[in-house]
Each structure stands twice: as structure tokens, then as C-alpha cells.
Amino acid sequence: MSLRRIALLSAGRASRTLLSSGCNRPMMQRPLTNPVVVNRISTPFQQHRGYATDDVTVISSEEEFDKILKENSFVAVDFFATWCGPCKMIAPVFKQMSADFPDVAFVTVDVGQVESLAARYSVSSIPHFLFLKDGEVVDTMTGASKPLLKSKLEAMK
């Protein structure tokens, strides 16, 4: 380090901060939230998942889930957790698939909120998807693969 640089640092006139790696470029910060998204979606849970309530149904109880099973022939279920990175990645894809497959009811279940439903279907890892026809599980999928999710939905018909 040059004597001039040391003098500037010791005098407190340096405009840049030295980082532990030795890099002297200023650190940039970016906003944590997008105000447009916050204003468009009503609850933090839906904002996190990227869902509007008319596209994908957010399940809050086992009774609500059973009602959806009785009302719909085809149901696709996404078991997720709010802290799960792959779950956050596949959420917009799952929402898009709901528009592509209008004859399938798309629902999401937070395993932290509706633990009994996760236990009922033996969900051991997330994201976990169930594909039900007339209330019976016809297929399952674990992971965040868009092509595999699409192929499983196409096979339901």
C-alpha cells in the first residue's frame, strides 16, 4: 500500500472501504423488495409464492383440501416450505402451468402450516408434487424440474 493511500485512510478522507479480500471497490446495495409486486399481491405469503388466489388455491386446512378433491377430477398439489429455495424457483412455473392446463385444479400446501396433510401423503422432501385423479394419487414428483412437471401434467389427461 502506498504512503499516500495510508495517509488518506488514516486521515479519514478515503471514499472507498477496504474489504477483507483486499478489494477497494465500493459495495453496491440493491433493494430487497419490489414495490410494484408488493402493491399487486395482497399477503406476504402469496407475494413469496408469486400466486394470485384465482390461479392457484392456497390450502389452509385438510377440510379445504378434501373439498377441492371432491369438486375436481384432476388436482395437482405442490407441497412446499417458505424457506425452501427450489420451492421458490418452481412456484412461478407451477402458476404458469395452471394457465396451460385449465382442466386441472392447482393447489399449494405449506408443509409448515398444514402438517397433517403432508403426513397423510408421506411427504418427506420438498418441493413435492402429487397428481390426483378422482381423489386417487396417480403420480408423484420430487424436485424442481419444469420439463418433468409438464410431462406429468400432460400424462394426467
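The model is predicted, so local features need pLDDT of at least 70 and side-chain atom pairs count only at pLDDT 80 or more, while totals for chains, interfaces and linings use all residues. Residues are numbered from 1 along each chain as its sequence is written, and side-chain values use heavy atoms, leaving out hydrogens and water.

Start with the sheet: it is open, has 5 strands in the order β1-β3-β2-β4-β5, and its pairing is mixed. Strands (E, at least two residues) and helices (H or I, at least four) are DSSP runs numbered from the N terminus, and two strands pair if DSSP finds at least two bridges between them. β1 (57–59) and β5 (136–142) sit at the edges with a single partner strand each, so one side of each has no neighbour in the sheet. β2 and β4 pair antiparallel over 6 bridges, and V75 stands opposite L132 in β4.

Now the rings. The structure holds 4 aromatic pairs (Phe, Tyr or six-membered Trp ring centres within 6.5 Å; planes under 30 degrees apart are stacked, over 60 edge-to-face, the rest tilted). One of them, F65 with Y121, is edge-to-face at 5.9 Å centre to centre and 75° between the planes. F65 belongs to helix α4 (62–71) and Y121 to the loop between α6 (115–120) and β4 (128–133), so this pair ties together parts 56 residues apart in sequence. F79 and Y121 also pair, tilted, at 6.4 Å and 50°.
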